[in-house]
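User: I have a chain open here and want to go through it piece by piece. Can you take my questions as they come?

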Amino acid sequence: MRQPAPSIPYSNARPVEYDHSDDGDITYVDGKAYRRETSRHDLDNTITPDEQKVLHLRRLEEAEFRQAHNDANLAAALRLGEALRVLKGED
């Protein structure tokens, strides 16, 4: 017969008991319950290949946007530097 899990001293934690009648996704070893790896695939939260393609395209578009933004900032900095040189009379 299985013994109940010991309680943790100085805490409000209570031992977790699993329903042994539904042991399809749970494996018991030495009185401890482990979830089987095959039960981790949740179809509602799994990304489909089509969604992966969309996410990849979105990442590429965001990278292109960041690169264009950085290029525009560099061009503005170069124009500002040139304007400052003209104002100082270094040209």
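Analyst: Start with a pairing: Y28 has A33 in β2 as its bridge partner. Keep in mind that this is a predicted model.

User: Which strands are joined there, and how many bridges join them?

Analyst: Strand β1, residues 26–29, is joined to strand β2, residues 32–35, by four bridges. The two strands run antiparallel.

User: What sits between β1 and β2?

Analyst: Two residues, and the strands form a hairpin. In the turn, D30 has a positive phi of about 50°.

User: OK, zoom out. In what order do the elements run?

Analyst: From the N terminus the order is β-β-α. The chain has one helix and two strands.

User: Switching to charges. How many salt bridges does the count come to?

Analyst: The count comes to one salt bridge. The side chains of E82 and R85 meet in it, at 3.1 Å from N to O.

User: Why are E82 and R85 about one helical turn apart?

Analyst: Because they are three residues apart in helix α1, which puts about one helical turn between them.

User: How accessible is E82? And R85?

Analyst: E82 has 36% relative accessibility, so it counts as partly exposed. R85 is also partly exposed, with a relative accessible area of 40%. That class lies between the cut-offs of 20% for buried and 50% for exposed.

User: Now nonpolar surface. Which residues make the patch?

Analyst: L80, L84 and L87 make a nonpolar surface patch of about 350 Å². Of these, L84 is found in helix α1.

User: Why does L84 count as partly exposed?

Analyst: Because its relative accessibility is 46%, and the exposed class needs over 50%.

User: Last topic, the whole chain. What share of the residues counts as buried?

Analyst: Of the 91 residues, 2% count as buried.

Note on methods:
Residues are numbered from 1 along each chain as its sequence is written. This is a predicted model: local features need pLDDT of at least 70, side-chain atom pairs count only at pLDDT 80 or more; totals for chains, interfaces and linings use all residues. Side-chain values use heavy atoms; hydrogens and water are left out. Two strands pair if DSSP finds at least two bridges between them. Patches are made of residues with over 30% relative accessible area and no salt bridge: like charges are joined within 9 Å, nonpolar side chains (Val, Leu, Ile, Met, Phe, Trp, Tyr) within 5 Å. Accessible areas come from the Shrake-Rupley method with a 1.4 Å probe; for residues, only the protein chains shown count as cover. A salt bridge is a side-chain nitrogen of Lys or Arg within 4 Å of a carboxyl oxygen of Asp or Glu. Buried means under 20% relative accessible area, exposed over 50%, partly exposed in between (1.4 Å probe, protein chains only).
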